Structure formats: structure tokens, C-alpha cells
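Here's a quick briefing to get you started with this structure.

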Amino acid sequence: MTRLIDPSLNQLSSLMDKMGHLASQSINLALDSYLEGKQARNEVYELSKQISDLYDQIGNLTYEMILKYQPVASDFRLIRSSIEISYAFTRFGRYAFDITAVREMFGDLSECKNEVIYTISGEIKNMINIAIRCFATLDLEKAKQLKTDEDLVDKYYARHLPMLINSKNTKCALADALVLRYLERIADHAAFMAESVNYIVTGNRS
């Protein structure tokens, strides 16, 4: 039996799917442009703006559902988590834009080796895809995987940051350190999405 709130929940799901796709697209474009030496700031900015616009739509829709339908506990957890996760998606868009800004600020980085950026970029892209599927399907196993992947990114970050500090190539070290920090923050937000999925399903954060 269809409930009065169900069409709004379906609309929320559609908006979240679209937002997740744009967030993934912005991160992929930003990382590829950084590693391949291409400028993509304008394209990523437009994607980030679309993500922010969706965030506003989701905020309006969720508040309307809370006020209009007085959702039961399970629906409320989904609505609350959607607000939190949609904010995480906006951060993905912002960090993607910041990565393209690094490329523009530092100019030609072809002399930089970027091994660690290549490695962590693959992990980050995979984490974002898992996070989007995890939320869409409320998959607790994928949520656990995200926590494991976050730990891996943290280890890469902790291991390689001191190496960059001691690097003789200041330009490459500064650029890579900035991008590494953005990637570490993206991983944190993806892991938070896993906590939100656990909360939706079980009522607990961890």
C-alpha cells in the first residue's frame, strides 16, 4: 500500500542519485585533469554548482516531508541521513574544484612523479562509487568496506606526507601535499556516508 510520504521519498531518492552521479563525475574529472596536466576548473565549477543546487532542493524537500508527513522512525532516519549525505556530496564537489585550482595555481607539473596521487586517486574513485551504491542499496557490507578503505587512505597519507616534506622539489611537494589532503578529506566524508547507512538500517552510527 502506497503511503502519502512515498512519492516524496521516491523524489528524494532520485535527487540523491543525481547528486551522487555529479559528485563522482566532478572528482573523476578533477583527478584526471591533475594527473594528465589538463585544465578543468570551469567544468568542475559547473558540476559543483549543480551539486549545490541539488543540495538546496533536497533540503527543501526533506523539511517539507518532516513538517507535512510526520515520518515514522525509519523514514526519519533516512530523511536525516539524506540531508547529511547530500552535504558530503557538496564537499566532494568543493574538493574537486580545489584540486583543479591547485593545477591552475602551480601550472606545469609534468616534472612531478605523482606516484602516491595515482595510487590514492584509484582508491578514492572506488570509495565514492561504493559510497553511492552503499547508500542506494543500504548495504551494510559495503559500509564496512568503506571504513576499511578509509583506513588504507589514512595510512597512505600518514606515510607519504613526511616524504613530501623532505622532498627537494618544493613545487611538486606542495602541490601533491595539497591534493593529498583533499583526498584524505574526501575519504573521511565517504566513510561518514557508511556510518549514515548503518544508522538508517540499525539506528546506530557504528
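H1 and H4 run roughly antiparallel to each other, because their axes make an angle of about 175 degrees and anything over 145 counts as roughly antiparallel. Keep in mind that this is a predicted model.

**H1 against H4**
- The axes of H1 and H4 lie 10 Å apart.
- On the H1 side, the residues in the contact include Met-16, Gly-20, Ser-24, Ile-27, Leu-31 and Tyr-34.
- On the H4 side, you'll find Ile-117, Ser-121, Ile-124, Ile-128, Ile-132 and Phe-135 among them.
- Sorted by class, this contact of H1 with H4 has twelve nonpolar, six polar and three charged residues.

**H1 against H6**
- H1 covers residues 6-36 and H6 covers residues 170-202, and their axes come within 13 Å and cross at roughly 160 degrees.
- That angle makes H1 roughly antiparallel to H6.
- The crossing of this pair, H1 and H6, is left-handed.
- From H1, Ile-27, Leu-31 and Tyr-34 take part, and they meet Ala-175, Asp-176, Val-179, Leu-183 and Ile-186 in H6.
- The residues of this contact of H1 with H6 split into seven nonpolar, no polar and one charged.
- Ile-27, Leu-31 and Tyr-34 turn up in the H4 contact of H1 as well as in its H6 contact.

**H3 against H6**
- H3 spans residues 73-106, and its axis comes within 10 Å of the H6 axis, with a crossing of roughly 170 degrees.
- H3 and H6 are therefore roughly antiparallel to each other.
- Their contact, H3 with H6, has 22 nonpolar, three polar and seven charged residues.

**The largest pocket**
- The largest pocket has a volume of about 280 Å³.
- Its lining is made of 14 residues, and Lys-113, Asn-114, Glu-115, Leu-164 and Asp-176 lie nearest the centre of the pocket.
- Helix H4 (115-137), helix H5 (140-165) and H6 are the elements that give two or more residues to the lining.
- By class, the lining of the largest pocket has six nonpolar, four polar and four charged residues.
- Asp-176 links two of these topics: this residue lies among those nearest the pocket centre, and Asp-176 is also one of the H6 residues that meet H1.

Definitions and conventions: Residues are numbered from 1 along each chain as its sequence is written. This is a predicted model: local features need pLDDT of at least 70, side-chain atom pairs count only at pLDDT 80 or more; totals for chains, interfaces and linings use all residues. Side-chain values use heavy atoms; hydrogens and water are left out. Axes are lines fitted to C-alpha atoms, for helices over the stretch in contact, and angles run from 0 to 180 degrees between N-to-C directions. Helices (H or I, at least four residues) and strands (E, at least two) are DSSP runs, numbered from the N terminus. Angles under 35 degrees count as roughly parallel, over 145 as roughly antiparallel, 65 to 115 as roughly perpendicular and the rest as oblique. A crossing is left-handed if the near helix is turned anticlockwise from the far one by less than a right angle, and right-handed if clockwise. Contact means heavy atoms within 4.5 Å. Ala, Val, Leu, Ile, Met, Phe, Trp, Tyr, Cys and Pro count as nonpolar, Asp, Glu, Lys and Arg as charged, and the others, Gly among them, as polar. On a 1 Å grid over the protein atoms alone, a cavity is a set of points where a 1.4 Å probe fits but cannot get out, and a pocket is an open set with protein on both sides within 12 Å along at least five of seven lines; lining residues have an atom within 4 Å of a point. Grid points are joined across faces, edges and corners, and a volume is the space filled by probe spheres set on the points.
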